[in-house]
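Biologist: I would like to learn how to read a structure like this one. Could you walk me through a few features, please?

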Amino acid sequence: MNLLEKIRNSRTYCDGGMGTLLQARGLKPGELPERWNITRPEDIIGIHLQYLEAGSNIITANTFGANVLKFGDELEDIIAAGLANVRTAISRLAPEKQADRYAAFDVGPLGRMLQPLGDLPFEDAVEIFAKSIRIAARHGADLIFIETMNDSYEAKAAVLAAKENCDLPVFITCVYDAQAKLMTGADPAAMVAMLEGLGVDALGMNCSLGPEQMLPIVPRLAAETSLPLIVNPNAGLPRTENGKTVFDVDAERFSDFMVKIVEAGACLVGGCCGTTPEYIRKAVEKTSALPYRLPEKKTHTVVSSYTHAVRIGEEPVLIGERINPTGKSRFKQALREKDIDYILNEGVRQQEAGAHILDVNVGLPEIDEPSMMLDVVRELQAVSDLPLQIDTVDPRAMEKAMRACNGKPLVNSVNGKPESMASVFPLVKKYGGVMIALTIGPDGIPGTAEGRYAIAADIVEKAEAFGIDRRNIVVDPLAMAVSSDPQSANVTLESIRLIEERLGVHTSLGVSNISFGLPNRDLVTSTFFSMALQAGLDAAIMNPFSVEMMKVYHSFRALRGMDANCTGYIDFASGLTTQTVSGSSGASNAPVADDSEPLKHAVIKGLKEKAGTLAAQLAATMDPLDVINGQIIPALDVVGKGFEAKTVFLPQLLMSAEAAKAAFEAVKAAMPASDQPAKGKIVLATVKGDIHDIGKNIVRTLLSNYGYDVIDLGKDVPPQKIVDCALEHDVKLVGLSALMTTTVPAMEETIALLRKSGSRAKVVVGGAVLTQEYADMIHADFYAKDAMETVRCAEELFAE
């Protein structure tokens with residue numbers, strides 16, 4: 001049976017863990033398991049065959065880390081042998097048992113953070129994945145299985161590589177923590193929105209958590225996706241016994257939880273770290289007879305950022321209009337001068353003022369719009385976690401922005417002219433997005449509501465024929481200036497009603513257009529906004545700094561029962577006395593960020609250039625140490641506490657760290673060398689055999705910004721090298737990182753060797769596979785669940 005037919009009609013079983021089974025067969029710490037495809041193929045074939053006999057339909061080749069970064073010229077041989085081993089295992093089954101068995105090319109993360117948060121360009125990541133996927137397609141893979149993704153941007157790069165370089169089914173699973181967040185902050189709704197938009201065939205989660213911890217996340221994924229849902233848990237939490245990694249959930253208990261996971265909506269099930277063929281066998285026995293159902297087809301309209309989704313239609317959505325040169329001389333100047341920092345500040349201020357989505361329009365005739373659009377999108381999504389609306393009539397700029405967008409964007413816009421649909425539809429189909437459909441036809445804008453409805457209906461019909469679901473279309477029936485046409489508001493309001501009732505799609509408006517040419521425009525605009533909301537308007541492109549507009553928004557939500565206990569209204573209304581005037585399309589009072597400590601604010605918001613400039617100015621007028629201790633360090637503490645409380649996520653943490661670094665550099669330049677603070681030296685390393693250094697690099701950045709002299713030994717570091725460095729520099733703290741269970745023994749070996757050496761250094765350990773219990777068992781002094789916890793450990797230790 002075709003694989004996609006199989007997952008649509010019956011439960012499908014994945015295989016389980018590979019690394020711990022290879023360890024049991026003699027895989028040494030630091031040894032690359034993928035090489036066993038060539039050097040010890042019978043061991044790999046034997047493991048695959050055990051999973052097949054246990055009931056697995058999908059067998060993932062031993063290619064999790066098979067990319068050019070690790071294997072160079074060996075890559076094709078490694079991948080070809082990996083897939084051949086799966087085929088050989090299938091061929092050893094009895095002929096009648098070989099049906100519905102599939103060889104998956106297993107794709108794991110690259111171990112490097114993508115720009116702007118790391119050093120790996122997005123397109124380089126796409127090409128690294130693509131090279132492996134092209135090889136896999138040539139050597140007979142049945143599907144591409146992307147797994148263990150903990151960064152939404154890297155997940156997008158991998159999916160794009162798969163979709164652009166083969167025609168195989170694409171499955172993907174991501175790593176969620178106990179709060180249902182990826183490492184970079186994405187929740188299930190955000191990941192589903194982006195991945196469904198990109199056209200994957202099945203999605204879900206794997207690794208990090210055991211089945212008990214995964215169970216509450218399954219309904220959240222099932223509530224968002226229309227695709228078959230994959231759930232591959234670990235065998236509980238890891239620990240070490242006699243130098244080996246073991247897990248705390250046995251096969252019996254694991255399979256009992258898999259019954260609950262299937263009943264909660266999982267369609268494809270298997271295991272990850274610590275699971276064995278026995279785990280899969282018992283899961284198959286207990287779940288194969290359970291009723292099979294796919295998730296219900298969802299109809300909600302969703303856009304997303306790298307952290308969260310915004311659903312259009314449940315309550316009014318505010319789209320900030322200020323990143324747009326129309327009528328804004330200062331913004332035009334910023335575009336001409338490539339003053340990205342000014343543009344980013346506009347985005348941050350709008351988010352603080354209450355916008356849910358940021359419109360991005362950088363179109364000026366005299367600039368390179370595609371290049372500027374790409375730069376702004378990349379940088380803006382590093383300092384703001386709001387979804388973006390890509391606002392351009394240039395198809396090149398639209399494609400660059402959609403490709404670089406870390407999420408599922410709004411696309412503004414398409415209209416009823418054939419050439420517009422021909423250029424926009426393919427981009428939305430490829431990259432995913434929600435289209436804003438303007439009611440403009442070949443003859444212009446109809447003067448009646450029926451005429452505008454007819455254009456909207458035509459766009460929806462043609463889009464669906466192209467493969468774009470109507471839930472991914474939002475219609476803008478256009479608000480025209482009432483100063484030139486007294487009936488324009490009435491026509492627009494009636495258009496909203498017709499489109500919502502007859503087409504069943506949501507609507508959006510650029511509401512400020514209604515007041516063009518009138519004095520005190522906010523009076524007219526805000527009144528029209530209220531009328532449009534009552535007519536059913538779902539989203540408004542508006543000025544979030546306008547108090548009159550925000551009065552309408554908060555009052556409407558309170559009056560329509562959308563604001564529990566009127567909390568939002570009370571917070572807004574209570575702060576009206578502190579709002580100030582901000583320039584806009586009409587003079588208005590606007591809530592702005594607290595600017596009493598502008599440097600602190602710039603660091604918290606990750607505004608690198610602004611932080612550097614402000615720090616230099618302050619260092620010229622006050623004691624540089626006061627600048628560091630009074631604003632930079634407190635700002636980092638605010639961000640760190642937010643990160644620990646899960647209100648700030650990794651990208652924001654890193655951008656704040658970069659802003660703090662720029663501020664530190666500016667302050668240090670104003671200080672005599674002898675005055676520069678130095679708290680002490682710390683050695684960091686990713687342990688032998690582990691080439692993943694994202695977490696370590698984050699820790700390095702933060703420790704450096706807190707004033708420590710960090711000696712970063714890099715990744716795949718032998719234990720003796722770490723010990724020698726600790727002794728040479730007489731450090732008080734060594735930080736060790738590991739992502740893979742197969743490399744934790746190297747961490748334990750390093751700690752033991754460090755103890756024997758007589759070094760005074762304490763050891764802090766961290767990484768995705770570590771727990772407090774695990775850290776205790778390998779005799780670490782501290783366990784850091786995240787980067788900020790490492791800073792806390794250092795602060796505590798060096799304060800003694």
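This is a predicted model: local features need pLDDT of at least 70, side-chain atom pairs count only at pLDDT 80 or more; totals for chains, interfaces and linings use all residues.

Biologist: Which residue forms a salt bridge with Asp712, and how far apart are the closest N and O atoms?

Modeller: Here the idea is to look for a Lys or Arg side-chain nitrogen within 4 Å of an Asp or Glu carboxyl oxygen. The partner of Asp712 is Lys696, with the closest N and O atoms 3.0 Å apart. This pair links distant parts of the chain, as Asp712 lies in strand 24 (residues 709–712) and Lys696 in helix 28 (residues 694–705), 16 residues apart. Lys696 has a relative accessible area of 4%, so this lysine is buried.

Biologist: How many salt bridges does that rule give?

Modeller: The count comes to 44. One of them joins Arg134 to Glu127, where the closest N and O atoms are 2.6 Å apart. Arg134 is partly exposed at 29% relative accessibility, and Glu127 is partly exposed as well, at 40%.

Biologist: Which helices are linked by the pair Glu252 and Lys282?

Modeller: Glu252 sits in helix 12 (residues 251–263) and Lys282 in helix 13 (residues 277–287), so to read this pair you look at distant parts of the chain, 30 residues apart. The closest N and O atoms of their salt bridge are 3.1 Å apart. Glu252 is partly exposed, with 36% relative accessible area, while Lys282 counts as buried at 18%.

Biologist: And what about the strands: which way do the side chains of strand 15 point?

Modeller: In a regular strand, side chains alternate between the two faces of the sheet. In strand 15 (residues 388–391), Leu388 and Ile390 point one way, and Gln389 and Asp391 point the other way. All four are buried.

Biologist: Where does strand 14 come in, and does it run parallel or antiparallel to strand 15?

Modeller: Strand 14 (residues 357–360) runs parallel to strand 15, and three bridges join them. Val360 stands opposite Ile390 of strand 15. Between the two strands the chain passes through helix 16 (residues 369–383), and this β-α-β crossover is right-handed.

Biologist: Which residue of strand 16 is the bridge partner of Asp391?

Modeller: That partner is Asn412. Strand 16 (residues 410–415) pairs with strand 15 in the parallel sense, over three bridges. The chain goes from strand 15 through helix 17 (residues 395–404) to strand 16, in another β-α-β crossover that is right-handed.

Biologist: How far is the C-alpha atom of Val414 from that of Val699?

Modeller: The two C-alpha atoms are separated by 44 Å, and the residues are 285 apart along the chain.

Technical notes
Residues are numbered from 1 along each chain as its sequence is written. Side-chain values use heavy atoms; hydrogens and water are left out. Buried means under 20% relative accessible area, exposed over 50%, partly exposed in between (1.4 Å probe, protein chains only). Two strands pair if DSSP finds at least two bridges between them. A crossover is right-handed if, with the strands pointing away from the viewer, the path from the first strand over the helix to the second runs clockwise.
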